[in-house]
Every structure is written in structure tokens, then in C-alpha cells.
Amino acid sequence: MKKKLLAVLLALSMTLALAACGGQGGNGGSGGSKSVKVGLICIGDENDQGYTYNFIRGKDAATEALKAKGIDVDWVVKWNIGEDSGCEDANIELADEGCQLIINNSFGFEPFMLKVAPDYPDIEFVACTNQASWGDNLENTHNAFANIYEGRYLAGVVAGMKLQEMIDKGEITADQAVIGYVGAFSFAEVISGFTAYYLGAKSMCPSVTMKVQFVGSWSDATAEANAASALCDLGCVMISQHSDNTTPATTAQTKGAFHTGYNNDMVSVAPEASLIGTRIDWSVYFEYIIEAVAKGESFDQDWCHGMDEGAVVMTPLNEKIAAEGTASKLAEVEEQIRTGKLQVFDTSTFTIEGQPLTSAFALDTDGDFTPDSEEAVFDGAFHESHFQSAPYFALSIDGIEWLNSAF
């Protein structure tokens, strides 16, 4: 395989070069440890307590795990990089600084990364949460994602149980079980997530409906707060989000609504509102690819796992405000997802304009949203992230109202 040969040649050239410099790093270093220099380009910084913070958690956990394997990681991190030419510059700078592996953490980074990668064929480039690298003609570009829709579904279960409890106690009526969802963009990644979340909630609270407000940004704390506030004003009693900051959680608490989060445990900032969250544990992927580079081995050009390998996890349940029995139900449903007994996008659980979904193509307005023109509906379910890591569920199902769109 060309990619494996390239990796082996790279490892050999590094070893020879490092030997000439006194044996530091590579296969040298103290105690025979190996060293890998890794660049990480971030759209935010760890202070967002959300998206980028979650990547830093993955970075730190992977570093410790690799150290136990005799692999030292020298990280060079670029903070607060925009989805513009600044990302191209960041990739060039990290390449010129000698990074052997460069990880781009935001969806909009990939086009700029792909401008740089051909000029550095000996460096591995990764675009997280994206989709173009795995199908290009470059040997040194990669995509990675996780089945976060699994965690979204579970967060929805928690939300649905709380809503049904509120109905049963007479705190709200069945038609007042309305969820407000703050979404970044009307992309498949976001649509897939909030659809999974809604289906999880509906499995516990059959009368639930949902309104989605897109903010047109992955990370805009003020816009996210404003969207959450507007959704509460429209009668939403539960708020969730696919956005980078904690402001939807704090706004929900201020407005007297409940909340489920993303990327981080948001109970600390909204203890009276936030029930649970879900996140990708990026340490699983980071450990895998960095170890491969250290050993001069190839690694997947398109990687995706979920709860099966611990790449998708739930944050701690806020049992002080969760519905009675939530913890046991959560464990039960998580096991069903992990073993494949439960399919998140089971086509018997939703309709589109009153009709069951029988083909992904039949309702695709663009004519080609499924990867490689493959039929994603089979065996009674829409199989998300089956043909590629990046989500491709982009359908609008009954029960979810889009208040706007943002591309």
C-alpha cells in the first residue's frame, strides 16, 4: 500500500536525521522512548468550556496514555484560528516547525488544510468532523468523526423522561412538551444530531415537539444565548444545543427551562437546569493516530467509532433534577445502542410529510447527499456514518420545526 510505504520511509528518514542530531526524539530520547511532534489547530481555546475545551481534554488524555506506552508527544497548539486563510497559514507554520502530524479541529478548516497538504507529502494532515480528505487523491490526508448521534439520542432520552414526568405531575400539558434546539448551521452534522436527539426524547415522551433555531456560527456565545432565550419565549421548556458555548445552558436556567448539553458537563454552570450532556472522547482517536505515526505505520484515511470503542460518552447525570429512574433507563438504552439492538434512525419511529422513509434518495432535494451515491436506508433504518465518517442525514422529519436555516 502506497500510504504504508510512505509512512515507513518517513519513519526511516526521521530516524537517520535524529541520529545525526544526537539521538533525541524519534526512537531515541531517554529510556528508548519515541517522540512525535503534533500540531493542533483550534477554532477556539480551552476557555470556551465547550468544543475546543473538549479537544484539549482529548489531547491531554491521549498524551498520558501514550506516555505509558513509551511515546512522548510534543504538542504545538494554534488557538482561535478562523475558518479562513489564517487556517492555511497555521497549517504551513506547523509544517515548517517540524510537526509530523497536524490536526485541524473545525469543519471549515479542511479546504485550507487541503491547500497545504500537497506541499508536505511527508506530513500527515487530519480534518476532524469533515469529509473531503478521505476521498481525495492525496495519501497524507485523513478525516475523523465519531457517532455522536448515539450520545444525542441518549441525551434525548433523558430530556424526554423529564418532560413526561412534568406532564405526569401536571406541571405542563402534553402539548407543552416543546424542546428548543440551538443549532450552529443547517448542515447534515447538525441535522443528524438534533434528529437523533428528538427521536430519543420522543421514545420517552410521545407528545414532544421541537423547534430549531440556527445561529450561523459554530461559536458565538451571545448569539447562542439569544437563540436560547428566543426559544424559551416561544414556549420551549427544554433547551439543547449543537453549538460551542455554555450560554444556552445558563440562559435556560435564567428562563426556568431545563437543558441538555454538548462537549462538556454544563451542570457546574447551570445546576438547576442542565440534566446531562454528551461528547466525543477524542483521546481514543488521538492515541490511535499518534501511536501509528510513532511506529511508522499507516492509519485509517476515514475513521469513525462510537460507544463501541468509547469514542462517544455521556457526561454525569444531574440526578438532583433528572426524572426518577433516569439512570437505570439510560444504562439500558446505552447498552442497546452499543450492541446494535437499537438503531437510532429506525425508520418505523418517524415520518416525513406523513410518509415513512423508504429511500434516502427519494427525499433528497440535492439528488446526491449520501456518500458515493449509496442507499443509506436498509434493514429498517437509515444507517448514519456507515459509508463515511461525516454525517449525511439531512432530512427534515415530522415533529421538528425549523425556524430558519443557516448554511
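This is a predicted model: local features need pLDDT of at least 70, side-chain atom pairs count only at pLDDT 80 or more; totals for chains, interfaces and linings use all residues.

**Cavities, a pocket and helix pairs**

Trainee: What is the volume of the second largest cavity, and how does its lining divide by class?
Mentor: Its lining residues are Tyr51, Ser106, Phe107, Thr129, Glu189, Trp218, His242, Asp244 and Tyr262. The volume of this second largest cavity is about 70 Å³. By class, its lining comes to four nonpolar, three polar and two charged residues.

Trainee: Which helices and strand each supply at least two residues of the lining of the second largest pocket?
Mentor: That pocket holds about 370 Å³ of space. Its lining has 20 residues, and Asn147, Tyr149, Glu150, Gln343 and Glu384 are the ones nearest the centre. By class, the lining splits into eight nonpolar, eight polar and four charged residues. The elements that each give at least two residues are α5 (148-168), β11 (302-305) and α10 (326-339).

Trainee: How are α5 and α10 oriented to each other?
Mentor: Their axes come within 10 Å and cross at roughly 150°. An angle over 145 degrees counts as roughly antiparallel. The pair α5 and α10 is therefore roughly antiparallel.

Trainee: Which residues make that contact between α5 and α10, and what is the handedness of the crossing?
Mentor: From α5 come Glu150, Tyr153, Leu154, Val157, Val158 and Met161, and from α10 come Thr326, Lys329, Leu330, Val333, Glu334 and Ile337. Sorted by class, the contact has eight nonpolar, one polar and three charged residues. The crossing of α5 and α10 is right-handed.

Trainee: Are α2 and α9 roughly parallel or oblique to each other?
Mentor: Helix α2 (residues 51-68) packs on helix α9 (residues 283-294) at an angle of about 50°, and their axes are 8 Å apart. Roughly parallel would need an angle under 35 degrees, and roughly perpendicular starts at 65. The two helices α2 and α9 are therefore oblique.

Trainee: How do the residues of the contact of α2 with α9 divide by class?
Mentor: On α2, the contact uses Phe55, Gly58, Lys59, Ala61, Ala62, Ala65 and Leu66, while α9 brings Ser283, Phe286, Glu287, Ile290 and Glu291. The crossing of these helices, α2 and α9, is right-handed. By class, their contact residues are seven nonpolar, two polar and three charged.

Terms used:
Residues are numbered from 1 along each chain as its sequence is written. Side-chain values use heavy atoms; hydrogens and water are left out. Axes are lines fitted to C-alpha atoms, for helices over the stretch in contact, and angles run from 0 to 180 degrees between N-to-C directions. Helices (H or I, at least four residues) and strands (E, at least two) are DSSP runs, numbered from the N terminus. Angles under 35 degrees count as roughly parallel, over 145 as roughly antiparallel, 65 to 115 as roughly perpendicular and the rest as oblique. A crossing is left-handed if the near helix is turned anticlockwise from the far one by less than a right angle, and right-handed if clockwise. Contact means heavy atoms within 4.5 Å. Ala, Val, Leu, Ile, Met, Phe, Trp, Tyr, Cys and Pro count as nonpolar, Asp, Glu, Lys and Arg as charged, and the others, Gly among them, as polar. On a 1 Å grid over the protein atoms alone, a cavity is a set of points where a 1.4 Å probe fits but cannot get out, and a pocket is an open set with protein on both sides within 12 Å along at least five of seven lines; lining residues have an atom within 4 Å of a point. Grid points are joined across faces, edges and corners, and a volume is the space filled by probe spheres set on the points.
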